[in-house]
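Please read them beside the sequence and the model.

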Amino acid sequence: MRSKNQKVTADHKKWRSQVAELGCICCGSEAIQIHHCVGARAKHNKIHIGEWFILPLNPFNHSYIDQGRFGLDMLKTEAGLRYSEDDKVKDMSLHEFEKYLFGKVLRMIPDSPFGDDVIQAISRWRR
């Protein structure tokens with residue numbers, strides 16, 4: 001985990017910028033906020049994942065993250081309209097859905113500044 005005094009690196013900033021340029025991962029809107037899926041300082045098995053496991057969400061979709069089942073259903077509806085994969089996501093929990101969307105980010109930005117160890121740590125992360 002990054003300490004309170006540890007600064008965000010140039011690689012983190014570059015990644016955040018690349019992710020932001022995608023637009024909202026659910027609806028494609030250009031107005032976005034960066035969502036840290038597990039918190040900016042998170043790690044899994046001593047591997048820092050917090051600054052890497054991020055999603056670009058428009059402010060409305062970002063607000064749904066903390067609205068329980070209703071918010072999750074709204075996010076799935078937005079993503080379903082964009083990706084036409086309703087059956088694939090309908091039974092996913094919020095965290096499974098965030099990982100699903102992160103996979104889309106990785107496919108859109110194939111040259112990530114982190115390695116497979118980070119991707120594996122994110123895939124294994126559980127709340």
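1. Arg69 is partly exposed, at 49% relative accessibility; the term covers values between buried (under 20% relative accessible area) and exposed (over 50%), with a 1.4 Å probe and protein chains only. Asp73 is also partly exposed, at 36%. The two side chains meet in a salt bridge, N to O 3.4 Å, where a salt bridge is a side-chain nitrogen of Lys or Arg within 4 Å of a carboxyl oxygen of Asp or Glu. Both residues lie in helix 3 (residues 68-83), four residues apart, about one turn of the helix.

2. This is a predicted model: local features need pLDDT of at least 70 and side-chain atom pairs pLDDT 80 or more, while totals for chains, interfaces and linings use all residues. Residues are numbered from 1 along each chain as its sequence is written, and side-chain values use heavy atoms, without hydrogens and water.

3. The structure holds two salt bridges. Arg16 pairs with Glu51, with the closest N and O atoms 2.7 Å apart. This pair links distant parts of the chain, 35 residues apart: Arg16 is in helix 1 (residues 10-20) and Glu51 in the loop between strand 3 (47-48) and strand 4 (54-57). Helices (H or I, at least four residues) and strands (E, at least two) are DSSP runs, numbered from the N terminus. Glu51 is buried at 4%, whereas Arg16 is partly exposed at 27%.

4. In helix 1 the buried residues are His12, Trp15 and Val19. They line one face of the helix, because they fall within an arc of 65° seen down its axis, the arc being taken from the directions from the helix axis to the C-beta atoms. The face turned away from the buried side carries the exposed residues Ala10, Lys13 and Lys14.
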